[in-house]
Amino acid sequence: MTHLVAGDNITLHCNGYGQPAPELHWLTDDIKSEYTTTELDNNLHDTSSLDFPIAQNSHFKSTTLDLYNARPEDTGQIICEASNVVGFVQTAIHIFVHCK
C-alpha cells in the first residue's frame, strides 16, 4: 500500500511487452481527483536499461498515470492492465490518502 497525504501528487508507471504489442489501460474507478495518463510506444532496440529481460521481437510499451492533489476519497486501488490477442495481465497499486 502506498500512503499519501491529502494534497500530494504521485506518478505511477506501468510497463508491458509482448508479441503482438500489448494495449495498456488504467482502471481508475476509485480516483476522484484530477489525473492524466501518457502512453509511450517504445519499440526498443536497446533493452539494457530495463530491469527485466524481454524476448526478441517483443514490443515494449509504457504508460504513466499522474494523480494531482490527492484527496481521502481517492483511497482505493488503481489497476494497470496489459492485453493483446494472447491474453491479459493486471497489476494493482493500493493507495491510502490521509488527511493533513
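R71 is partly exposed, with a relative accessible area of 35% (buried means under 20% relative accessible area, exposed over 50%, and partly exposed in between, for a 1.4 Å probe and protein chains only). The side chain of R71 forms a salt bridge with that of E73, at 3.7 Å from N to O; the term denotes a side-chain nitrogen of Lys or Arg within 4 Å of a carboxyl oxygen of Asp or Glu. The model is predicted: local features need pLDDT of at least 70, side-chain atom pairs count only at pLDDT 80 or more, and totals for chains, interfaces and linings use all residues. Residues are numbered from 1 along each chain as its sequence is written, and side-chain values use heavy atoms, with hydrogens and water left out.

**Salt bridges**

- Three salt bridges are found in a search of the whole structure.
- E73, the partner of R71, is partly exposed at 49% relative accessibility.
- Salt bridges with shared partners join E23, E39 and K61 into one network.
- K61 and E23 meet through their side chains at 3.5 Å, N to O. Because K61 lies in strand β5 and E23 in strand β3, this pair ties together parts that are 38 residues apart in sequence.
- K61 also forms a salt bridge with E39, where the closest N and O atoms are 3.6 Å apart. E39 belongs to strand β4 (residues 35-42) and K61 to strand β5, so that distant parts of the chain, 22 residues apart, are linked.
- Is K61 buried or exposed? K61 counts as buried, at 8% relative accessibility.
- E23 is partly exposed, with a relative accessible area of 40%, and E39 counts as partly exposed at 37%.

**Open sheet**

- Strands are DSSP runs (E, at least two residues), numbered from the N terminus, and two of them pair if DSSP finds at least two bridges between them.
- Four strands form an open sheet of mixed pairing, in the order β1-β7-β6-β3.
- The edge strands, β1 (2-5) and β3 (23-27), each pair on one side only.
- From one strand to the next, the twist averages 25 degrees; axes are lines fitted to C-alpha atoms, and angles run from 0 to 180 degrees between N-to-C directions.
- Four bridges join β1 to strand β7 (residues 87-98) in the parallel sense, and V5 has H98 in β7 as its bridge partner.

**Strands β2 and β5**

- Strand β2 (residues 10-18) and strand β5 (residues 59-67) run antiparallel, joined by nine bridges.
- The bridge partner of N15 in β5 is S62.
- In a regular strand, side chains alternate between the two faces of the sheet.
- The covered face of β2 holds I10, L12, C14, G16 and G18, while T11, H13, N15 and Y17 make up the uncovered one.
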